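Thanks, everyone. I have one structure to walk through today, and I will keep it short.

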Amino acid sequence: MRLENEVFVLTGASGGMGRETVNRFLEEGAFVAALDLNVDSIEKTDRLLPIAVDLTKEEEVAKAFTEINDTFGRITGLVNIAGIAQPATPIEEVTLKEWEKIMSVNATAPFLTCREVTPYLKKQGEGVIINISSISMVRPRPGLNAYVASKGAVVSFSQALAIELAQYGIRVNVVNPGPADTNMLGQFSAKDADIEATKDTIFKKSVPLGKLVQPIDIANSLVYLCSKEAAIVTGSVLNVDGGRGI
Ligand SMILES: NC(=O)c1ccc[n+]([C@@H]2O[C@H](COP(=O)([O-])OP(=O)(O)OC[C@H]3O[C@@H](n4cnc5c(N)ncnc54)[C@H](O)[C@@H]3O)[C@@H](O)[C@H]2O)c1
């Protein structure tokens, strides 16, 4: 058991990577608060607390963390997995509303959850935060302008927190997934594109190892980074991407 009796908050828990991560963290002995817009498919147990929350809403986020602390008595870590895609769009056609929505979910929501969890982690003198960015912030793809910017913000913000919170024993790291086999992948295609064909011709082909990343690959990397095996790892960006970032 690599996360025995630790209390982790996982966002995006109903999504492709999130579901797998919830299961892996439970297998490793953690208590899990599973946050998403819709958590109807997640069954509440003694170890698993589903909470429906819009992570872009300050008051909802604050309320969720209070509920988690009231339920489990402490919070030892946070993994921000929630995010939204951007259909590939030429920059001159991106509306301010689209830009702000992507920044709000992908960059502002991690700010809100990180800010909220920090007092709990400081109180116990240790803790861990992992934020999911994307390999596309290292190797951008045409038309993903707002998405790539939002994920760049996640990395810079995480490294800023890593240096700020190191003195409190709090580690902050990033995982950069490559193209992953979840519903989200199809949502990066241009509005008029053949989604299945794009998955093969563009995404799979861009991975040197020749296959899409699976949600379990991401979940396993998160178990490692959240465990004591990574006790000396902070401020790092782990590419889990089949070599796409090379
Ligand atoms: N799938 C890929 O190819 C890929 C590649 C690189 C990075 N990523 C990143 O990995 C993470 C997980 O992606 P996934 O493939 O599992 O996607 P997914 O769409 O399956 O899951 C994302 C989850 O985030 C939730 N979410 C969105 N907005 C929210 C909000 N305002 N409040 C609460 N929850 C919200 C959704 O409801 C969904 O369940 C995302 O941050 C994504 O940007 C994905």
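Some housekeeping. This is a predicted model, where local features need pLDDT of at least 70 and side-chain atom pairs count only at pLDDT 80 or more, while totals for chains, interfaces and linings use all residues. Residues are numbered from 1 along each chain as its sequence is written, and side-chain values use heavy atoms, with hydrogens and water left out.

Now the sheet. Helices (H or I, at least four residues) and strands (E, at least two) are DSSP runs, numbered from the N terminus. Seven strands make up an open sheet. Read across, the order is E3-E2-E1-E4-E5-E6-E7, and the pairing is parallel. To pair, two strands need at least two bridges between them in DSSP. At the edges sit strand E3 (48–52) and strand E7 (237–240), each pairing on one side only. On average, neighbouring strands are turned by 15 degrees against each other, direction ignored. For angles, axes are lines fitted to C-alpha atoms, for helices over the stretch in contact; angles run from 0 to 180 degrees between N-to-C directions.

Look at the pairings. Strand E1 (residues 7–11) is joined to E4 by three bridges, and the two run parallel. One to find on screen: Leu10 has Val79 in E4 as its bridge partner. Helix H2 (residues 58–72) packs on this sheet. It touches E1, strand E2 (31–36), E3 and E4, and its direction makes about 160 degrees with that of E3. Contact here means heavy atoms within 4.5 Å.

Next, E2 and E3. Five bridges join them, again in parallel. Leu35 stands opposite Ile51 in E3. Is E3 enclosed or open? Four of its five residues are buried, so E3 is largely enclosed by the rest of the structure. The cut-offs: buried is under 20% relative accessible area, exposed is over 50%, and partly exposed is in between (1.4 Å probe, protein chains only).

Take Leu49, in strand E3. Leu49 is buried, with a relative accessible area of 3%. What does Leu49 touch? Leaving out residues up to four places away in sequence, its contacts include Val32, Ala33 and Ala34, and also Glu67, Ile68, Thr71 and Phe72.

Now Gly77, in strand E4 (residues 77–80). Its relative accessibility is 0%, so Gly77 counts as buried. Beyond neighbours within four places in sequence, Gly77 is in contact with Val7, Phe8, Val9, Leu121 and Val128. Gly77 and Ala230 are 153 residues apart along the chain, yet their C-alpha atoms are separated by 13 Å.

On to the helix pair. Helix H1 (residues 16–27) and helix H7 (residues 215–226) pack at about 50 degrees, axes 8 Å apart. H1 and H7 are therefore oblique to each other. Under 35 degrees is roughly parallel, over 145 roughly antiparallel, 65 to 115 roughly perpendicular, and the rest oblique. The residues that meet include Met17 and Phe25 in H1, and Ile218 and Leu222 in H7. The contact divides into nine nonpolar, three polar and two charged residues. Here Ala, Val, Leu, Ile, Met, Phe, Trp, Tyr, Cys and Pro count as nonpolar, Asp, Glu, Lys and Arg as charged, and the others, Gly among them, as polar.

Last, the backbone angle. Most residues other than glycine have a negative phi. Asn5 has a positive phi of about 60 degrees, although it is not a glycine. Asn5 lies in the segment before E1, and is partly exposed at 35% relative accessible area.
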